Amino acid sequence: MARTVLISGASIAGCAAAWWLGRNGFDVTVIEKASEFRDGGQNVDVRGEGRKVLRLMGLEDAALALGTGETGIAWVDENDDVVAKIVTEKLGADGPTAEMEILRGDLSGLLYEPARARADFRFGETIKSVSPASGGISVSFESGTNEEYDIVLVAEGVGSSTRDLVFSGQNNPRWMDMTMAYFTIPREEGDDQLWRWFNAPGCRSVSIRPDMHGTMRANLAIHRKNGDEASWDQSRQKAWLRNEFRDAGWQTARVLDAMGTTQHFYLDVLRQVQMPRWSRGRVVLLGDAAWCVTPLGGVGATLAICGAYVLAGELATNGDVEDAFRKYENVMRPFVKKAQGIPKIVPRLVHPRTRMGIAALHGVLRIMASQSLQKVSGGLFAGNAEAADLPQYPALSI
């Protein structure tokens, strides 16, 4: 049975896979291009099957304890008056804000700490090339070293360079016509525990969300055809955002001022990763590298956690690596297909071009947030979190 595994990427998917594989007797090495463990990032939530997997790992209560404290979502006008509001507690279920709402870095760290007890983590390292070896994979690293593994697991995220190396030309991205920037800003007196969302004319939105670290997480979004903003350096990206949002109103000036000195900044042109297959030989994709659904899908962290569990379960059960990869894909494909099914018109509808369009959106939101429809609308905003029950793997040590 294959026993040596190289995981490239130390975020949620990579750390979860290292946890399961290391616990079940695999010799795991994890590499990460960053020079140290990255604890930044914005809100993610874990729903449905993902929470069941965290429960199996004994980490559900710890994840809840690390929650952002966000209590729901409020759509506001330029005077910060609430137009519509959905409060999670009143739903009796997950809505736009999940019960398990946590920062990406906090969730990654929760997985990383126990995983590193059973896996070798190497930071500041990336893959240069991979090639078949006798019964395994030969990997050349940018540092100049060469090693062999039974399995290479790629969990590098939406822009994975190793995926593009091994599966050249196979990704057919589905562009979502959204550019989004995320960063951390100081908390101010008057900030509460609601996710506040403001729409500005020109298909723009600005939002701020609470965290548990005494700061706020800001988001700037524009609905437009995909451009090349993600390839720019940060100074150019920030200058572009200042120009695009200079007249947006509400608390935008505060957000733009804080953007200049923020320690955590990330901009992306949203696209879904759509691959015809997730494995080639002994190389397999996991998480956003395989199936990124974008933040619009709302279940990226859930899919990463579930995918790591299923992949580890199949490898622990099946001595044939390529067959284990096929079975992992068969289990996860329906889950991913459902999550990626968000119509492209949705981001357009929630980012109107005109003030009249914003007024119409606010009218719809008021109806959806009414007491009688809160549970229905909460489900619509929650994303496709549910899937058929994941398999149980008796071969896995829990």
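In which crossing, left-handed or right-handed, does helix 1 pass helix 5?

Analyst: This is a predicted model, in which local features need pLDDT of at least 70 and side-chain atom pairs count only at pLDDT 80 or more, while totals for chains, interfaces and linings use all residues. Residues are numbered from 1 along each chain as its sequence is written, and side-chain values use heavy atoms, with hydrogens and water left out.

Helix 1 passes helix 5 in a left-handed crossing, that is, the near helix is turned anticlockwise from the far one by less than a right angle. Helices here are DSSP runs of H or I with at least four residues, numbered from the N terminus. The axes of helix 1 (residues 12-23) and helix 5 (residues 104-115) cross at roughly 25° and come within 8 Å; axes are lines fitted to C-alpha atoms over the stretch in contact, and angles run from 0 to 180 degrees between N-to-C directions. The two helices are therefore roughly parallel to each other, a term for angles under 35 degrees.

On the side of helix 1, the contact (heavy atoms within 4.5 Å) is made by I12, C15, A16, A18 and W19. Helix 5 contributes R104, L107, S108, L111, Y112, P114 and A115. These residues divide into 10 nonpolar, one polar and one charged; Ala, Val, Leu, Ile, Met, Phe, Trp, Tyr, Cys and Pro count as nonpolar, Asp, Glu, Lys and Arg as charged, and the others, Gly among them, as polar.

Helix 2 (residues 48-56) also meets this pair: its buried residues (under 20% relative accessible area, 1.4 Å probe, protein chains only) pack against partners including helix 1 and helix 5. Those buried residues are G48, E49, G50, R51, V53 and L54.

Terms used:
Parallel < 35°, antiparallel > 145°, perpendicular 65-115°, else oblique. Buried < 20%, exposed > 50% of the residue type's maximum accessible area, 1.4 Å probe, protein only.
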